[in-house]
Amino acid sequence: MKKRERKLVAVLVIIVIALLAYGIVPVAIAASPGSMHSGNTYYVYGTVDHRFEYDNTSVVQINDSGHYFYVYFNGSAPAVGSHILAHGKYNNGFLGRTISATSVYPWYYSL
C-alpha cells in the first residue's frame, strides 16, 4: 500500500471512531430513570415529544425509552422529533419527572 493510501485509510478510521464515539456518548452518560433521586443532577437523553416557549423559557417533554421527562431551561426549544441531551437537577414531584436544565444539546444520533 502506498503512503497516500495509508494516510487515507488512517483518516477514514479516525472518522469512523469519532462517529462511533459520538453515538455512544448519550448512552454512556445518560442516567437510568430508575436510579435517579430528587435534588441530584443528571444527564438525560430523549426525543422531544412536545414543546412550549414563553419569554425565553422553554419546556419540552422528552421520551427516554418510554420514560417521560419535562425539561425546562432558558433558550429556544428544539423542534418536536429532535433528540436532545440535557443536564440538570432532577425532581420527581407533583408535575412528574422534571429536569431543571443548565445545558441542553441537540444530538443527531445515538447507538
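Hi everyone. Before we start, this is a predicted model, where local features need pLDDT of at least 70, side-chain atom pairs count only at pLDDT 80 or more, and totals for chains, interfaces and linings use all residues. Residues are numbered from 1 along each chain as its sequence is written, and side-chain values use heavy atoms, with hydrogens and water left out.

Let's begin with the strands. A quick reminder: strands of a sheet pair through backbone hydrogen bonds, either parallel or antiparallel. Helices (H or I, at least four residues) and strands (E, at least two) are DSSP runs, numbered from the N terminus. Two strands count as paired if DSSP finds at least two bridges between them.

In what order do the strands of the closed barrel run? The order is 1-2-3-5-4, giving a closed barrel of 5 strands with mixed pairing. From one strand to the next, the twist averages 50 degrees. For angles like this, axes are lines fitted to C-alpha atoms, for helices over the stretch in contact, and angles run from 0 to 180 degrees between N-to-C directions.

Now follow the chain through two hairpins. Strand 1 and strand 2 run antiparallel and are joined by 7 bridges. They form a hairpin with 2 residues between them, and Asp55 in the turn has a positive phi of about 50 degrees. Across this pairing, Glu53 stands opposite Ser58 in strand 2.

Next come strand 2 and strand 3, also antiparallel, with 8 bridges joining them. This hairpin too has 2 residues between its strands, and here Ser65 in the turn has a positive phi of about 55 degrees. Asp64 stands opposite His67 in strand 3, and Gln61 has Tyr70 in strand 3 as its bridge partner.

Where does helix 1 pack? Helix 1 packs on the sheet and touches strand 1 (41-54), strand 4 and strand 5, and its direction makes about 160 degrees with that of strand 5. Contact, by the way, means heavy atoms within 4.5 Å.

Let's stay with Gln61 for a moment. Gln61 is found in strand 2, residues 57-64. Is Gln61 buried or exposed? Buried means under 20% relative accessible area, exposed means over 50%, and partly exposed is in between (1.4 Å probe, protein chains only). Gln61 has a relative accessible area of 12%, so Gln61 is buried. Leaving out residues up to four places away in sequence, Gln61 touches several residues, including Val48, His50 and Phe69.

That brings us to aromatic rings. Rings of Phe, Tyr and Trp (its six-membered ring) pair if their centres lie within 6.5 Å; planes under 30 degrees apart count as stacked, over 60 as edge-to-face and the rest as tilted. By this rule the model has 4 aromatic pairs. One of them joins Tyr22 and Trp107, stacked at 4.5 Å centre to centre with 5 degrees between the planes. This pair links distant parts of the chain, with Tyr22 in helix 1 (residues 3-29) and Trp107 in strand 5 (residues 96-107), 85 residues apart. Tyr22 is partly exposed because its relative accessibility is 26%, while Trp107, at 13%, is buried.

Now for Phe69 and Tyr90: their ring centres are 6.3 Å apart and their planes are at 70 degrees, so this pair is edge-to-face. Phe69 lies in strand 3 (residues 67-74) and Tyr90 in strand 4 (residues 83-93), so the pair ties together parts that are 21 residues apart in sequence. Phe69 is buried at 0% relative accessibility, and Tyr90 is buried at 3%.

The charged end of Arg97 sits over the Phe69 ring, 5.9 Å from its centre. The rule here is that NZ of Lys or CZ of Arg is within 6 Å of the ring centre and within 35 degrees of the ring normal.

Finally, what about opposite charges? Side chains of opposite charge can pair when their charged atoms come close. A salt bridge is a side-chain nitrogen of Lys or Arg within 4 Å of a carboxyl oxygen of Asp or Glu. The structure holds 1 salt bridge, in which the side chains of Arg51 and Glu53 meet at 3.0 Å, N to O. Arg51 is partly exposed at 39% relative accessibility, and Glu53 is partly exposed with a relative accessible area of 39%.
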